Amino acid sequence: MPIAAALLSVAGLAGVAVVAPILVARRKAWATSIVYGASFVLAAVLLLCGLSALLGGSAFQGSVQLPIGLPWIGAHFVLDPLSAAFLIIVDFGAMIASFYAIGYGAHEEEPGRVLPFYPAFLAGMNLVVLSADAFGFLVAWEFMSLSSWALVMAHHHDPENRRAGYVYLLMASFGTLMLLLAFGLLAGPNGDYAFSAIRSFEHIPWISGLVLVLMLLGAGSKAGLAPLHVWLPLAHPAAPSHVSALMSGVMTKVAVYAFIRVVFDLAGEPAWWWAVTVLTLGAGSAVLGVLHAVLQRDLKRLLAYSTVENVGIVFIGLGLALAFKTNDMAGAAALAVTASIFHAFNHSLFKSLLFFGAGNVLTGSGERDIEKLGGLVHRMPETAYLFLGGCLAISALPPLNGFVSEWLILQAILLSPDLPQWALRFLVPASGAMLALAAALAAACFVRAFGITFLSRPRSPAAETAQEASRWQIRAMYALMALCLVAGVFPGPFLDALSPVSQSLVGGAMPKQPILPHFSIIPISESRSSYSGFLVFFFILMASWAAIRVIHNFASRAVRRAPPWDCGFPDPSPATQYTADSFAQPIRRVFGPLAFRAKIDQTMPLPGDMTPARLTLSLRDLVWEFIYAPLEGAVLYAAERLNILQFLTIRSYLSLVFAALVLLLVLVATWA
Amino acid sequence: MERFSLDAAHLLAGGMVLVSFMMLYQNRILGLLNVFAAHAVVLSLSVAWQAYVQAAPHLFVTAAIALILKAIIIPVALHHMVLRLGVHRDIETVGGIGPTMLMGMGLVALSMVVMLPAAAEADPIAREDLALALSVILLGLLMMVTRQNAISQVVGFMSLENGLVLAATGARGMPLVVEISVAFSVLVAFIVIGVFLFRIRERFDTIDTQALDDFREGRE
């Protein structure tokens, strides 16, 4: 019974979390390997449970009820196709991250601040996916939030990290509150919190709509949906890199799971305006996230913003699925939802890969600012090529996996003319355009990230003396890279595996992917469109091989005469190289005035004045300025006004109680 | 008989409201204690009448507790306390008597307006008892709010509790255990408050609660 094994493994993770502080106190040297090794093994068991439940059919699925938690509810757990799919995403990421951390954790200065919370964080994420009642779900969710908060605060000496932790805690509490309200509405007056009971209710349409809004606020804030993403680029980079990978690659997917579980599974029939809301937010997040990412100088923050973009893409797919589901287009809805979940899985792969690369750069050189890096391809070749692979995947270039899922989402977008609602017929192509824009900008963003970090000459002594990472770290990245390639070249089996999920969510499935010819996949039917990652891969290999041969034959043997100041590098100072800011400048010119209110101030000294000319660029975060700053101001103002209440006399307090009582009685008297 | 029992119950409960009003305008402490004793006596009569009408013998125990504890022990103890504290000559002037009485009348009217429709289905004795009990509670609160002297505030609190007992006995079926435990908790509260009064007095040379605030930190 996989579910029993899964729950036992979760208990094991919790046990590791309890034992970890003792280990840290006793034997410093071994604690890291033991904790991460145990996490690796347990995550592998959980991964097997998920795989068997998803691939093995209903014999390996199931649910259990344990007599823990609230006495009249108990704790329900379920392993159905949806939770199995996300269990795989969570635990594959967790497994690889644990493996990576065996190497990475050796660099940790205070392992006592990371080791106990890491297995607890894994346990929390697994429990969220496995729970089948609202109470257990919320407890696990909060457990996940708090343990990840503790991990964000691991390096709390940096005031920026403390601020990140504070913002994260605020947003996490807000999100949980929203989820609490959503489940409260779903449970109805009888208060039966088991998912099976909630599913069987007949939900009132406007209540379901309210639940959707609350889920967008609650799960959306955890997933990093704009404009609730503000905590994400602060908190994800603040954690140790393997935790950043988990938070960005996996925890956001847990939030996506929560959204899917409630909106597709529990909240009843969708209305078409749901799709409008979800599509708009998803498209907005995708573009806003990648625009921010293009401009970042901090490598890990860049990756965090790119997470916002990818979550936006996932939500575009989910919005499409809602649009098709509400119009009873099961095949199209199945395509959209499968593409979404597949993209979530792909993103967990390449985002982990990229965060691991950033972690290697960080441990190798101690630097996160890409303007101070450069030339790392010579010092850390394996990291460089693996990072390049991750960049290709996330930029949605064939034959890697990012392309497959984004192509499938675009295929779903192409089905939108069949929708009856005009609003959707206009909105869906618009969001498709946004998706294409986001994909193009993401490519620019990662060309910049890779080029500035790994190519050219080192821009600082730290980059000059960088060290290649340990074998554990590199091998973890190889595993991810291999899977990125496999999922890109042979996507068919992955899509087939997801068909029970889409069957349970939207009542339809994508066509069974035939193995032949050339491992192509077909989203709708063979006559419409198909894609063969294998053929593309084969042609890319052949073309590259041919190009290399040709260049080698004609260029390598030819005698070259080069002037001594060639290639624009007459000055040996690395500061003359192309910088990250200059790379991003054209994009900033185009989108800056709109998205960031960019302003450039030039100070030209008068002729004869010896002061240097200055060019000052100011970018503003509009989301922060127009949503969060006024909110903060209002809260502060109210707190300031209410502060008087702290300093009243006893009689005034009694009078307040008295006045409140009388007021309520008057209300009762007038209303009754 | 039905009619008579109803009228008598109303008379006694109304008497409590009346005595509450007497407490409101009593600005000498010893006089206030006497009126409070009278309040408790009326309460115990009312509870005893309820016991007789409802044929619920355990309510007699309640009445006895009210009589012994609230009409004798607590007033006598407070009396001693006042004499020992030497505040028996103090006269409180908080607000005017007139406005306070007017507010009290407003509160009684409010509780009638609230309770009579709210408890329309209850039997008449319970219904009007509830309304009058709510008046007593509100008047006790009003007294706590308008007084500065800690002892008067304690008396206000006790009369509020009398109102609660009245409400509880009017509604049938409150178990004796609850009644006894409430009575003892009041006694414990009384002891604690008494101890505090002496401590406050020892520290600040006054039991005027306004004076306590002058010693508080953190005032702007």
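User: What share of the contacts in chain A with a separation of 6 or more comes from residues 24 or more positions apart?
Analyst: 78%. Note that this is a predicted model.

User: How many helices and strands in chain A?
Analyst: Chain A has 25 helices and four strands. Its radius of gyration is 26 Å, close to the 26 Å from the globule rule for 672 residues, so chain A is as compact as a globular protein of that length.

User: What box do the C-alpha atoms fill?
Analyst: Roughly 100 × 70 × 65 Å, along the principal axes.

User: And how much of chain A is buried?
Analyst: 54% of the 672 residues count as buried. The chain exposes about 28,300 Å², with carbon and sulfur atoms supplying 69% of that.

User: Where do A:Y36 and A:Y118 sit?
Analyst: A:Y36 is in helix α2 (residues 28-55) and A:Y118 in helix α4 (residues 117-130), so the pair ties together parts 82 residues apart in sequence. Both tyrosines are buried.

User: What about A:W273 and A:W274, how are their rings arranged?
Analyst: The centres are 6.4 Å apart and the planes at 70 degrees, so that pair is edge-to-face.

User: Is A:W274 buried or exposed?
Analyst: A:W274 is buried, at 1% relative accessible area. A:W273 counts as partly exposed, at 36%.

User: Which residues make up a ring cluster?
Analyst: A:F137, A:W141, A:F183 and A:F195, linked by ring pairs.

Key
Residues numbered from 1 in each chain as written. Chains lettered and ligands numbered in written order. Predicted model: local features only at pLDDT ≥ 70, side-chain atom pairs only at ≥ 80, totals over all residues. Heavy atoms only, no water. Helix = DSSP H or I, 4+ residues; strand = E, 2+ residues; numbered from the N terminus. Rg over C-alpha atoms; globule rule 2.2 N^0.38 Å. Buried < 20%, exposed > 50% of the residue type's maximum accessible area, 1.4 Å probe, protein only. Contact = heavy atoms within 4.5 Å. Areas by Shrake-Rupley, 256 points an atom, 1.4 Å probe, with all protein chains shown as cover. Phe/Tyr/Trp six-rings, centres within 6.5 Å; stacked < 30°, edge-to-face > 60°.
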